[in-house]
Structures are given as C-alpha cells and as structure tokens.
Amino acid sequence: MKKRTLALGAMVAIGAVSLTACGTGGGSESADGTTTITWNMWSGDTESTAKLEAQMAVAQEVVGDDITIELQTAPWADFFTKLNANMASGNIACVTAINGQRLTGYTDAFAPLTDEDLETAGIARDDYNPGALSVMEADGNLYGLPYDTATMFLFYNADLFEQAGVELPTNEWTVDDFEAAAKTITEKTGVKGFAVSIDEFQWLSLPMAVSGLQAVDEDGALDLTNPDFVEAATWYGDLVTELGVSNAVPSASETTWDPTQFENGQAAMIIDGTWNATRYTDPENAFTGGAIRIPSGDEGPYGVALGSGYGISASCEDKEAALKVLGALTGPEAQAVIAEQGGYPAQLGSQSLYFDALPDETRENLTAAFEAGFDGSTAQRVTEEWTQVATAMPNELVSVYTGQTSMEDALTSLQSRFAK
C-alpha cells in the first residue's frame, strides 16, 4: 500500500488537543493577522487522531499561512453529548463534524451552504454523486460537505469457513444462506457463526434486508413497530436466544463488543461499515478476512447509503476563512489522504484512489463488494429524535439478547418514547 510522507514542519504546525468541551467557536484573529479556525471531529484513539492530523497537514498546505487549523476531538460516544451542550451555549467550533444520519437534529447549529459558499470553498456539487451529497441535506438545504460515503458490509473469517467446510460468502448471498452458514460454523467449529451488535447501523442492516423496511417510514415517522419490521428484528434477536449462533452482548457499555469478537476469532461474521473494510481484511491479520454486501432478503438486495461530513457553525465569526478550511478538508488533496488511509472518499474523482491503495490480496474482493454494496443503495431515513433513539437502543437490545424482554416489547418501548 502506498504511504504519504508528511513533512515534520507541517505536522508540528497543527495542534491536536483533547476536547473537554466540544469546541470553541474559532475564527479569531491574532496580532500577526493569522486567523485560527477550530475543527471539531470525533476520534477515540491515537491511531484515529493521527489519521486526522495527516489529513489536516495537507489541508493546512492548501489554505496557506494566513489560516491556522486547530484540531479538537472527542470520542464518538461523547461527541454529540458535548455538541448538545455547546449548542446550548452557542459555542460551536467553526468547522464541526456531523454524521449524516444525525443531521436533522442539529441543523440549527450549522449555516446552510449556498452556491456562493461552495465557490469560496472551491467545491462544486458535481464533484459528488447525488446520494453522497444528500446525507448532508435537510429540508432542501445543504448543511455540510461529506468527506466520505459508506454503506454496510458483511465481513467474514475465511479460515473459519474453511474449517467448517462451508463455501465462502458471495455478493449473491441471501439471508437464508447467511443463517445456514452461521449454524454450520457454530456446530462444527465451536466458534459462533456471527456477532450481533448494539450499534444502530450494525444491527439494523439485517432486519432491514429481511423486511425491506427501514426503522423510519417514507413520511419521516419512526416506524419501529411495523409488524413486518418487528418480525425481522425478532429473527435477528433469535440469532442469540433461539439459534445460538451468536453470544449475547453482556452490557450496553460494550460498544466495541462485536468487532472485538470478530477480530479475536470468536465469531465468523460481523456486520460493519465500509470504513472498516481495510481493517478487517488486512493481510497482516491473524486470519484471512473478506467482505460482501448485506445478504438479500425476500425483497431482494437492500442497502443504505451513509456518510459524514463537516459544516460551518452558525456562530462562526469568520465564515470566509472557515469555508476555505472546509474546502481544504473535503477537497481532492485531503480525499487522496483519506483513500490511502482506508476511507472511501465522497468525491467521485477520488474514489478510484481507494482501490489503487488496496493490497493486491484484497483488491478484487473489496472492489466487487463495493460495487455490489452501493448498487441501488438508498439514503437511510432518520427523525429529529434519531440521536436519542440510537442512544437508547443498546440498553433495549441487551435486554433482548439476555432474554429479559422480547424484541417486540423493546421496539414498542422505543416507539412510545420517541415517536411524535
């Protein structure tokens, strides 16, 4: 894999600080005329922060010496809690990250981007396909620019499949194929065939594929108690309680439980995002990993387009400088770094770089998975209360997996608490 070499001076010029609050507004001008723009992004470990610093080093070169970019981070689990607090105080970083599936609850924090704003940022709408850009839109307004585009995959441990005598998954796999493989692997190897999840995208994918429905209907209303969706979600919970092909997640605090199960060889399959495709298929892993699109249900293939991006805070004092930073962080130079780091760039012109950077051993498998996974994918629908729904999901799911409540009761509880 090609590696980008960064000049030490560029790295030193960028300050990455731990976040005690979600960020200050930024846009302040120093005595020498240099403007500092604070960039607020989630990061939960040293490796992730190092990747952000590498992206920012390139962005700093693009904006030049008149603007200094300052990085502030918080772990994903804390990011939105702190963002809520800073929204209340009106103290939000000039350039702030936002997950597309949570955007509807935070539009007041961001300034809508006009065509003139995009021109200042050096970005054009035609740089993206409509699906990638739509994750940053709400109520007809564009609130940010995506830095990546993503969907969900089924990742598998090829060694455990071989040990069980089961053929490797393909992009034509159905949910029935998935269930049969999970049963056989569990029976013949003593290792669970699958790791269920408490994370929203990771656990919702299979129930959506089985039912052909999302947790939010086409009118934008929470629809967790739709009988067909309840039936599909119940099947998912039964992977633990009835079929025994997955262990129960022990507590709602175990936010990395399923990837840990997979990477430690304790589960043969996992659902996770394309942002982890290179991680789970790295040739240096202890096992041979592969990826396919989400298995198809009776309604045929079903996938959702996901993504995150950066917006300009409504309270930013120097919008022009912030727009230049926004353009640099989402432009082709930064997109190239993201591709080399294993992220799938949002801009069409940079996406081929992702595949170019893949190891020879995994390029064919991942190229086919990406082509199948994004084919016909639709944007995931959310409500204004979705962040609250997603935050409450883990406790409900753990109760289902441990047999304390039924999936129907868990979904009914969420529906009654958060539906308008």
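Analyst: A residue is buried under 20% relative accessible area, exposed over 50%, and partly exposed in between. The model is a predicted one. Take S134 as a test case. S134 has 26% relative accessibility, so S134 counts as partly exposed. The residue sits in helix α5, which covers residues 130-134. Its C-alpha is 15 Å from that of G220, a residue 86 positions away along the chain.

Now the main part, helix α8. Helix α8 covers residues 200-211, 12 residues in total. From first C-alpha to last, α8 reaches 16 Å, close to the 16 Å expected at 1.5 Å a residue. How enclosed is α8 by the rest of the structure? Largely, because 11 of its 12 residues are buried. The buried stretch includes E200, F201, Q202, W203 and L204. S205, L206, P207, M208, A209 and S211 are buried as well. After α8 comes G212, with a positive phi near 70°.

What does α8 pack on? One of its neighbours is helix α9, residues 227-241. Two packed helices are described by the angle between their axes and the distance between the axes. Here the axes of α8 and α9 come within 8 Å and cross at roughly 125°. The two helices are therefore oblique to each other. Their crossing is right-handed. On the α8 side, the contact uses Q202, W203, L204, L206, P207, M208, V210 and S211. On the α9 side, it uses D228, F229, A232, A233, W235 and Y236.

Helix α2 (residues 46-63) meets helix α12 (residues 319-330), with axes within 8 Å and a crossing of roughly 130°. That angle makes α2 oblique to α12. The crossing is right-handed. M56, A59, V62 and V63 of α2 touch K324, V325, A328 and L329 of α12. An α-helix has 3.6 residues a turn, so residues three or four places apart point the same way.

Helices α2 and α12 return as cover for helix α13. Helix α13 (residues 332-340) is largely enclosed by the rest of the structure, because seven of its nine residues are buried. They are A334, Q335, A336, V337, I338, A339 and E340. The cover over them includes α2, α12 and α14 (351-356). Just after α13, G342 has a positive phi of about 100°.

Last, a strand for contrast. Strand β9 spans residues 152-157, and six of its six residues are buried. In a regular strand the side chains alternate between the two faces of the sheet. In β9, M152, L154 and Y156 lie on one side, with F153, F155 and N157 on the other. Both faces are covered. Which strands pair with β9? Strand β10 (residues 269-273) pairs with it in the antiparallel sense over five bridges. Within that pairing, M152 is the bridge partner of G273. Strand β11 (residues 289-293) also runs antiparallel to β9, joined by five bridges. There F153 stands opposite R293.

Definitions and conventions
Residues are numbered from 1 along each chain as its sequence is written. This is a predicted model: local features need pLDDT of at least 70, side-chain atom pairs count only at pLDDT 80 or more; totals for chains, interfaces and linings use all residues. Side-chain values use heavy atoms; hydrogens and water are left out. Helices (H or I, at least four residues) and strands (E, at least two) are DSSP runs, numbered from the N terminus. The expected span of a helix is 1.5 Å times one less than its number of residues. Buried means under 20% relative accessible area, exposed over 50%, partly exposed in between (1.4 Å probe, protein chains only). Two strands pair if DSSP finds at least two bridges between them. Axes are lines fitted to C-alpha atoms, for helices over the stretch in contact, and angles run from 0 to 180 degrees between N-to-C directions. Angles under 35 degrees count as roughly parallel, over 145 as roughly antiparallel, 65 to 115 as roughly perpendicular and the rest as oblique. A crossing is left-handed if the near helix is turned anticlockwise from the far one by less than a right angle, and right-handed if clockwise. Contact means heavy atoms within 4.5 Å.
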